[in-house]
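Me: I'd like a close look at one part of this model. Could you walk me through the sheet and what packs around it?

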Amino acid sequence: VNERVPQKAGAAACCAEFYEREVVHQLLSDSFHPGGIDLSRRAFEQLRLPSDAHVLDVACGIGSTSRDLADRYQVSLVGVDFSRQNVEVARSRTAGAAVEYEVADVQCLPFADESFDAVVCECAVSTFADKERAAAEMSRVLRPGGQLVISDMAVESALPKDLLEALGPWACVTDALAVDGYRELFAGHGLGHCETVDESETLEALALEVKRRLAMLALGQLSGALADLDVSLAELRSLIARARAEVEKGALAYFRMRLSKGPVVHAAAPRRRETSSGCDPGPGCC
Ligand SMILES: C[S@@+](CC[C@H](N)C(=O)[O-])C[C@H]1O[C@@H](n2cnc3c(N)ncnc32)[C@H](O)[C@@H]1O
């Protein structure tokens, strides 16, 4: 298993290649992040954007979140992903929604400065090889007062080396930071932390769902080819069990985080400040 883990050089290409596989689509279904579209909506609703807002979905995968947000909240959405194949799937699934997809690397976003009211990035910062450049780019394309919402894996304490390597492509943990590490990363690029919510419960639900789908694959009830996994069914089941134990210990977590670029510009009437325990005072914090 370890030999098949993507190397750091070319990590974006490896991550993109992994999430292009039919069998991975079959196991993870439409959303390639824990919590699925429900978590995306929870996170997005915290932004309280007007319906004419311009939103960028960075590392959009096959576009499930972009499509849903554009349909549901009537915002204008652009999704970008490093994988041409994923972008083609995203385009083919979108009909009529105000959403466009482009192939792009987060390290060099093809948009002018201050183009977006909000940037969404789900389960992807952890996979970015150059996180500083990615954070700089996401900040650059946000307008002053614009908001970034991410959800991602966090590694809070050291995982066994073999588990870390085996989980790498599956769970976006090879280069994942601790929650504090993400806050510091974005603070260094003018994005003040507003709120963090622990979403680790979604990992348990995802683990159970993947186990259920593995059983269906083994019975031939799903179309993906198990041979494409590069790992045996038994190895995968053991991986899932070990990962669940690390989640229980608090070493592995999933979270969502909202950040803001500079002082917040309120589009509507002033709102009461949210009672969030994690809100650091300081520039950009709403
Ligand atoms: C775990 S998937 C998440 C996809 C999507 N956000 C979702 O939640 O369904 C990670 C995605 O990041 C994309 N990706 C990885 N590195 C990237 C980069 N440097 N620039 C843009 N996209 C990248 C991959 O192609 C893959 O689609």
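Reply: Here's a walk through the sheet, its helices and a few ring pairs. Keep in mind that this is a predicted model.

Let's begin with the strands. Seven of them make an open sheet, and the order runs β3-β2-β1-β4-β5-β7-β6, with mixed pairing. The edges are β3 (99-103) and β6 (191-198), each of which pairs on one side only. From one strand to the next, the twist averages 20 degrees. Zoom in on β6 and β7 and you'll find an antiparallel pairing over seven bridges. As for T196, its bridge partner is M257 in β7.

Now for the helices. Helix α6 (residues 131-140) lies across β1 (54-58), β4 (116-122), β5 (142-155), β6 and β7, and runs at about 145 degrees to β5. Helix α8 lies across β5, β6 and β7, at about 155 degrees to β5.

On to the rings: the count comes to three aromatic pairs. One of them is F44 with Y73, a tilted pair at 5.1 Å centre to centre and 35 degrees between the planes. F44 sits in helix α3 (residues 36-45) and Y73 in helix α4 (residues 64-73), so this pair ties together parts 29 residues apart in sequence. F44 and Y73 are both buried.

Y182 belongs to helix α8 (residues 179-187) and F255 to strand β7 (residues 252-261), so the pair ties together parts that are 73 residues apart in sequence. Y182 and F255 are both buried.

Terms used. Residues are numbered from 1 along each chain as its sequence is written. This is a predicted model: local features need pLDDT of at least 70, side-chain atom pairs count only at pLDDT 80 or more; totals for chains, interfaces and linings use all residues. Side-chain values use heavy atoms; hydrogens and water are left out. Rings of Phe, Tyr and Trp (its six-membered ring) pair if their centres lie within 6.5 Å; planes under 30 degrees apart count as stacked, over 60 as edge-to-face and the rest as tilted. Helices (H or I, at least four residues) and strands (E, at least two) are DSSP runs, numbered from the N terminus. Buried means under 20% relative accessible area, exposed over 50%, partly exposed in between (1.4 Å probe, protein chains only). Two strands pair if DSSP finds at least two bridges between them. Axes are lines fitted to C-alpha atoms, for helices over the stretch in contact, and angles run from 0 to 180 degrees between N-to-C directions. Contact means heavy atoms within 4.5 Å.
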